[in-house]
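Please examine the sequence and the model shown below. The paragraphs that follow lead through them step by step.

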Amino acid sequence: MPGKTIIEKILSVHSGEDAWAGDRVWADLDLAVVRDFGGPNVVLEYEKQMDGEPVWDPHKIAMTFDYQAPAKVVQVANNQRICREFAAKHGIPHVFDVNCGVGQHVLLEQGMILPGSVVIGTDSHMNLLGAVGSFSSGMGTTDVAAAWATGRLWFRVPESIKITFKGSYDYPASAKDLTLFLLSKIDTTKTIYKALEFYGEPIDGLSLAGRLTLASMVTEMEGKIGLIIPDEDILSWIGERSGRKVDAVLPDRDASYWEEREFDIGGLEPLIACPDRPDNVKPVREVAGTHVDQVFVGSCTNGRFEDLRVAAEVLKRMGGKIAPQVRMIVTPATTEVAVEAVEAGLYETFIKAGAMVTNQGCSLCTIGHHGVLAEGDVLVSTGNRNFRGKLGKGSEAYLASPAVAAATAVKGEIALPE
Amino acid sequence: MTDSFVFKGRAWVVGDDIDTDMIYHGSYLPLTDPQEMAKHALEYVPGMEDFTDRVQPGDILVAGRNFGSGSSREHAVITLQYNDVAAIVAESFSRIFYRNAVNLGFPILEVAGVTRAVETGDELEVDANTGRICNLTKGTEVQGTPLSGLEKEIMTSGGLFNFLKKDMQTAE
Amino acid sequence: MGQTFAQKVLARKAGLREVEPGQIVTVQPDKLLTHDNTAAIARIFREIGVEKVARPEISVIVLDHVVPAATEGHARNHQQIREFVREQGIASFYDVGEGICHQVLPEKGHALPGYLIVGSDSHTPTHGAFGAFAAGIGRTEAAAVMATGEIWLMVPHTFRISIEGQLQKEVYAKDIILYIIGELGADGADYRAVEFTGPVVGELTVASRMVLCNMVAEMGAKIGVAEPDDKTRAWLNGRSVAGFQEVFADPDASYERVIEYDVSGLLPQVAKPHTVDNVVPVTEVLGTRIDQAFIGTCTNGRLEDFRVAAQILGGGNIAPNTRLLILPASREVLLAAVAEGTLTELITAGAVVLNPGCGPCLGAHQGVMAPGEVTISTANRNFKGRMGCKEAQVYLASPATVAASARAGEIVDPREFL
């Protein structure tokens, strides 16, 4: 018998079965999360099905309001209220309201996400928590409502692909460029439904923020989860916040992988995903000069302090002012990021440069909040999706790193940082 | 549906990578009433803007690779379900969309090569038990992946909750 | 016979020695203010059949109402305005992110003593705080001003309101104006000019005088004005302002009414739903449950307002199940709040800090309420449905009262927090 991959180990522990790729198992959940998007649907479904029965474990349920925070329309306000009232009724203590920020990041900062945990949520980017070795997965209404009732869900244990990076790269290339590089290289018909495990020196060298960037875009690779084994620094960071001793889940040496790939990223250069697909990736220099109307720095992919710091530094180095015809929107992922950014002088840099800094949350990225685009508008975003019309009918979006986004804002056209 | 698992209907063919914003745009996410959600099905798929006016009960949606990529929104399944679309047959599905359809008891089938074998308007017979698609208009057949035991059980129960309730009753 | 402030400004602009109340004069305004409604105005302007704006140099356009765009409709509207600005060569254009027009105008040197300002926004009288004659007009009139560079105005009768005594601690300009509106009624000063005078007005900061003038619209007045003094000059000093000529009412001017208020014993005031003149002392509504507290807007979105809020929150947190929204009136205000640490205190206390603009004040986004919810706000209007939901309630009060209420989760007297 060969050994197990990380996902096989996690799902074996959580199902109490000997789980192997291809098996269908019922796994116990550590946390089932809803947002103000999906949340009301889950609450209504739960109430319809369970008729006032108590939830499985109120401490293993969390609500995070980041989709439209604060509410843009009455319907969303009411949806948020439906969630708050349900939480009050069922004694759910973990409600992270409109003042907290992007859900997964908040839960991570709160010490609620541990390596090896199984977490589900109404967010297709839930799986970014694979950055700390958690099996976190986006789910729809019915799954989460069922999880609230029973604490378990069925999973098809995914096959795993082992991806090893080698080589090194320098600024201005970043974790985002590594991520876009991978998107351009892999075949999503092969990664669909799979668990990816990331290894190699370039991965070891990534900070938590960089790991979150990579893991968040496994969704765009159609993967189920992208797992990175947390290093000592990250383990102690989580340990401090959770108040628990935490260990990483490691794969067996003889684990069997569906595929093993190696990528040399030596000399990686800044990349950009062109309309209308995240894997339509080109070197920035090839599309440099493209006119841009709006720039966004933020999202669950690039909304951490370090992302904002890089953007602010580029703005400063390139003269401190964005181009007059460009709108730049900056959104910190969470309250913690916002406070750190204010105290480090980043807000001052952004505001003086002519950018708008919005409240923490998903902001522009979740459609219909903070900077919808008009027909013909072109956006460069640090987010993770550039599907046609997502941010306004007839608009186009490019995806790039915070450094490229900031340089682009200064030049008013797609540009490399100086 | 639960008995036969065989559907006959007209085909609507769409391409690869039809994402959740195209199936059900994010600006309609605040809606919670399925009848209201139904009004916006496929609105952002180029050429399908008037789908909801033209779709007939029992029609079958045929899609390319990676249907339903993007968001976890269950609205994307519900909006099709409430237009009385009988089933979706695609080269492949994005994983959350797939789960959502199973959990809502909405028949979906992965069939490699289906978009090459079918044109919009063709009369199809879909057998979800065997994974076989008969194109009655063209007189051709394509073989897909039949549903696995668990997914089929959930679907035939009429969705995840009904399945779990049966399960809970058995346990008691 | 002496002349009032309104008579003197209009006579001078009309090239007459003197004018009488009721007389109609045709004048050339110094500034024409428009905002997100510029696209609609531009359409009317084109219907008139004129191609070029007669005096582009007087046009000041500030995008503030729904910024950044919350829907495709808003995005398209902003796009049309940008095109109009380019086509007409309008230099004084402030795109999304600069702030609320009534704050941006004075900051950028467009609101000066003695100026005649017309604006397609009902709170245009705010600029009376700088000794300007500033009146709100309709969209069609604004289009006509664009076409001709002129406007006809009826010389208003004037109320002289003298504010005497000594304000208690935690009682502010907002409480004074709410009290006056409660006394005079929502139509109590219809078509009138209101001159604010007396020792208390002299002691108020320029920002607080803006509160008084801003809210004369809520009693129907055409303009409100406070005489320029050293504080006004100091405020304007250092900004890039054109030459101006201060205008003062003659000591022997003739007034329709002279009203004196002694505010020494004035309690903090609250306007209850759903009219601004439904004013009571805070002591009559103590304990009213609130869901949301909102500090900002063109009425109370300045540094002194946020300082008071931070001081009252005192490093503590807002009440559970209460949202506190902070909306700086402009980029300049936000920057100042960042620089002195006030912003950090507010974020840490649990506030959502919104980007400068009109935010949730008019119910378009960023804090719309659910049915049955209650907001206490520093804004100027509490009409039914004003914040986006007809089944919700809005109370109006000073920043001190709103901050204290956010801390308590119900309406409280801010003097408790002294």
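For chain B as a whole, the mean pLDDT is 90, and 94% of the residues reach 70 or more. Where pLDDT is low, the coordinates of a prediction should not be read in detail.

Attention now turns to chain C. The domain assignment divides chain C into domain 1 (25-261) and domain 2 (270-413). Taken over C-alpha atoms, the centres of domain 1 and domain 2 of chain C are separated by 23 Å. To the contact between them, domain 1 of chain C contributes 31 residues and domain 2 of chain C contributes 29 residues. On the side of domain 1 that touches domain 2, the elements of chain C giving two or more residues are α4 (101-107), α6 (173-184) and α8 (206-214). Of these, α6(C) gives the most, with 6 residues. By class, this side of domain 1 of chain C holds 13 nonpolar, 11 polar and 7 charged residues.

A pair of helices in chain C may be considered next. Helix α11 (residues 303-313) of chain C packs with helix α14 (residues 399-408) of chain C at an angle of about 35°, and their axes are 8 Å apart. The crossing of α11(C) past α14(C) is right-handed. Among the residues that make the contact are Val308(C) and Ile312(C) of α11(C), together with Ala403(C) and Arg407(C) of α14(C). The contact of α11(C) with α14(C) has 8 nonpolar and 2 charged residues, and no polar ones.

Note on methods: Residues numbered from 1 in each chain as written. Chains lettered and ligands numbered in written order. Predicted model: local features only at pLDDT ≥ 70, side-chain atom pairs only at ≥ 80, totals over all residues. Domains from an automatic or database assignment. Contact = placed C-beta atoms within 7 Å. Helix = DSSP H or I, 4+ residues; strand = E, 2+ residues; numbered from the N terminus. Nonpolar A, V, L, I, M, F, W, Y, C, P; charged D, E, K, R; others polar. pLDDT = per-residue confidence, 0-100. Axes fitted to C-alpha atoms, helices over the stretch in contact; angles between N-to-C directions. Left-handed = near helix turned anticlockwise from the far one by under 90°.
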